[in-house]
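Visitor: I have the sequence and the model open side by side, and I would like to learn how to read them. Could you walk me through it?

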Amino acid sequence: MTSEEVPVGEQTSTEELTSALAESRATAERVASRLRLLGDVSELLSSTLEQRVAVAALAGLVVPQLADWCIVTVAATDGLERDLGWAHRDPASNGALGTYARQQYENMSEQAAVSIALRTGQTVIVREMPPALLDTWVPEAGARADLGVLAPGSVAVLPLNAGGRTLGAMALVTLKDRGPQTAGELETAHDVARRAGIALDNARLYGQQRQLSETLQRSLLTEPPASDRLEIAVRYVPAAAEAQVGGDWYDAFPQPDGELMVVIGDVVGHDSRAAAAMGELRGLLRGIAYTTGAGPGTVLTRLDETIDGLGIGITATSLVAQVDDNPDGARVHWSNAGHPPGIIVDGPSVVVLTQAEPDLMLGIDPRTPRGETTASLPPGATLLLYTDGLIERRGLSIDDGIAELTAALVDLADQPLEQLCDLLLERMLPPAAADDVALIAVRTRTC
């Protein structure tokens with residue numbers, strides 16, 4: 001046999017070789033596509049602790065690669081809210097799918113695949129969906145009719161497990177003309193579910209910490225004292241879910257000689273430690289201000305010395321104002337430790353309480369001198385103290401934020417004080433504020 005001769009049984013046709021290469025390329029593309037999907041899922045779930053964002057986006061990522069439509073269900077548990085996400089490969093069907101998803105959650109039976117997955121933490125696969133099974137799963141006629149329109153052919157429900165608990169379920173549904181998921185698709189789906197479960201567990205723990213921090217913070221933000229000659233209103237708005245609550249606080253209390261001490265402050269940080277530090281700092285300031293009866297500059301100086309002397313390790317901004325309300329007119333004595341300036345609004349007149357040289361934040365240098373300035377507070381005028389979350393947001397400078405705030409205050413100056421605070425927050429805060437906000441407003445009564 002010469003080197004050019006090939007036995008007949010070992011010959012490979014061009015068509016067979018082409019087919020083999022095509023299949024190899026298709027396999028490589030499927031693998032690459034699944035790796036891209038897993039990468040997208042990992043990026044999504046690692047970039048947010050916001051449960052609602054992750055749940056909605058997760059359903060959209062797995063369709064159409066792993067299913068024709070998908071419903072992600074999150075069960076209510078400590079730190080997690082009941083939630084749903086859904087996506088259909090046909091955008092025109094998303095509305096019907098959303099209606100069904102909500103009805104299904106309210107009405108599905110214990111025999112439904114999602115119920116079983118949530119209850120047992122096990123995967124449920126039904127490769128063919130006979131009508132009788134749908135009747136068992138969804139006893140409510142309206143939801144069952146919606147499901148009939150969606151025409152499920154097969155379903156794979158994967159639990160979202162982490163930390164020994166089942167936090168949710170991902171239902172992957174294919175239509176009859178597509179057929180059930182392949183072994184490779186199910187393997188990918190299990191990997192997606194595992195990553196989603198870990199992300200939900202992180203969101204659960206985050207939610208618990210956030211709730212604890214907010215509860216702690218609100219417990220320390222007491223109601224202001226009653227006053228015959230002054231109206232006082234306070235507000236606290238936690239940040240959007242993406243950001244943790246932090247150390248913003250307000251306070252108002254009388255000193256022994258009758259002057260009203262008004263405080264706004266912000267501890268550096270956004271977590272339960274910041275909330276706890278806020279409580280410690282607030283208590284120290286109250287004690288110093290009451291026992292000494294001193295003015296704002298001295299109070300901040302003593303507070304800074306205490307922070308350093310006790311090695312507390314807190315860094316914060318604060319503005320302390322003492323309102324001296326005498327029958328012949330009220331005056332405000334104030335000192336600012338690196339905090340946004342207070343504002344006095346009297347009808348169309350606005351005074352921004354600025355200093356030529358702003359004092360340092362608390363916790364930086366206890367030897368820094370603290371200045372004190374005085375301004376008048378005419379009858380009917382309003383003093384507003386606030387934290388930076390009210391004026392700072394992406395794309396807006398601090399100066400522009402203060403200008404926007406003063407314009408809003410002028411527009412709202414004739415409103416009752418409680419309504420002024422509500423309308424001010426409504427106007428100034430974006431729908432998803434990135435920082436928490438505390439404010440306190442003091443108005444001199446006109447009679």
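Visitor: Is Ala 408 buried or exposed?

Guide: The idea is to ask how much of a residue a 1.4 Å probe can reach, counting protein chains only: under 20% relative accessible area is buried, over 50% is exposed, and anything in between is partly exposed. Ala 408 has a relative accessible area of 1%, so it counts as buried. Keep in mind that this is a predicted model, in which local features need pLDDT of at least 70, side-chain atom pairs count only at pLDDT 80 or more, and totals for chains, interfaces and linings use all residues. Residues are numbered from 1 along each chain as its sequence is written, and side-chain values use heavy atoms, with hydrogens and water left out.

Visitor: Where is Ala 408 placed, and which residues is it in contact with, leaving aside neighbours within four places in sequence?

Guide: Helices (H or I, at least four residues) and strands (E, at least two) are DSSP runs numbered from the N terminus, and Ala 408 belongs to helix 10. For contacts, look for heavy atoms within 4.5 Å. Beyond its neighbours within four places, Ala 408 touches Leu 424, Arg 427 and Met 428. As for Leu 420, 12 residues away in sequence, its C-alpha is 9.6 Å from that of Ala 408.

Visitor: How is Thr 317 classed, buried or exposed?

Guide: Thr 317 has 11% relative accessibility and therefore counts as buried. You will find it in strand 9 (residues 316–326). Setting aside neighbours within four places in sequence, its contacts include Trp 249, Ile 264, Gly 338 and His 339. Thr 317 and Asp 359 are 42 residues apart along the chain, with 9.7 Å between their C-alpha atoms.

Visitor: Which residues lie nearest the centre of the second largest pocket?

Guide: Rolling a probe the size of a water molecule over the atoms shows where empty space is left. On a 1 Å grid over the protein atoms alone, a cavity is a set of points where a 1.4 Å probe fits but cannot get out; a pocket is an open set with protein on both sides within 12 Å along at least five of seven lines, and lining residues have an atom within 4 Å of a point. Points are joined across faces, edges and corners, and the volume is the space filled by probe spheres set on them. Asn 336, Gly 338, His 339, Pro 340 and Pro 341 lie nearest the centre of the second largest pocket, which is lined by 22 residues. Its volume is about 330 Å³. Helix 10 gives the largest share of that lining, 3 residues.

Visitor: How does the lining of the second largest pocket divide into nonpolar, polar and charged residues?

Guide: Here Ala, Val, Leu, Ile, Met, Phe, Trp, Tyr, Cys and Pro count as nonpolar, Asp, Glu, Lys and Arg as charged, and the others, Gly among them, as polar. The lining of the second largest pocket has 11 nonpolar, 7 polar and 4 charged residues.

Visitor: How many aromatic pairs does the structure hold?

Guide: Rings of Phe, Tyr and Trp (its six-membered ring) pair if their centres lie within 6.5 Å; planes under 30 degrees apart are stacked, over 60 edge-to-face, and the rest tilted. The structure holds 1 such pair.

Visitor: Where is Leu 175 found?

Guide: Leu 175 is in the loop between strand 5 and helix 7 (183–220). With a relative accessible area of 23%, it is partly exposed. Its contacts beyond four places in sequence include Trp 69 and Ala 151. Ala 151 has phi near 50 degrees, a positive value in a residue other than glycine, and lies in the loop between helix 6 (141–150) and strand 4.

Visitor: Which peptide bond is cis, with omega near 5 degrees?

Guide: That is the bond from Val 63 to Pro 64. Pro 64 sits in the loop between helix 2 (51–62) and strand 1.
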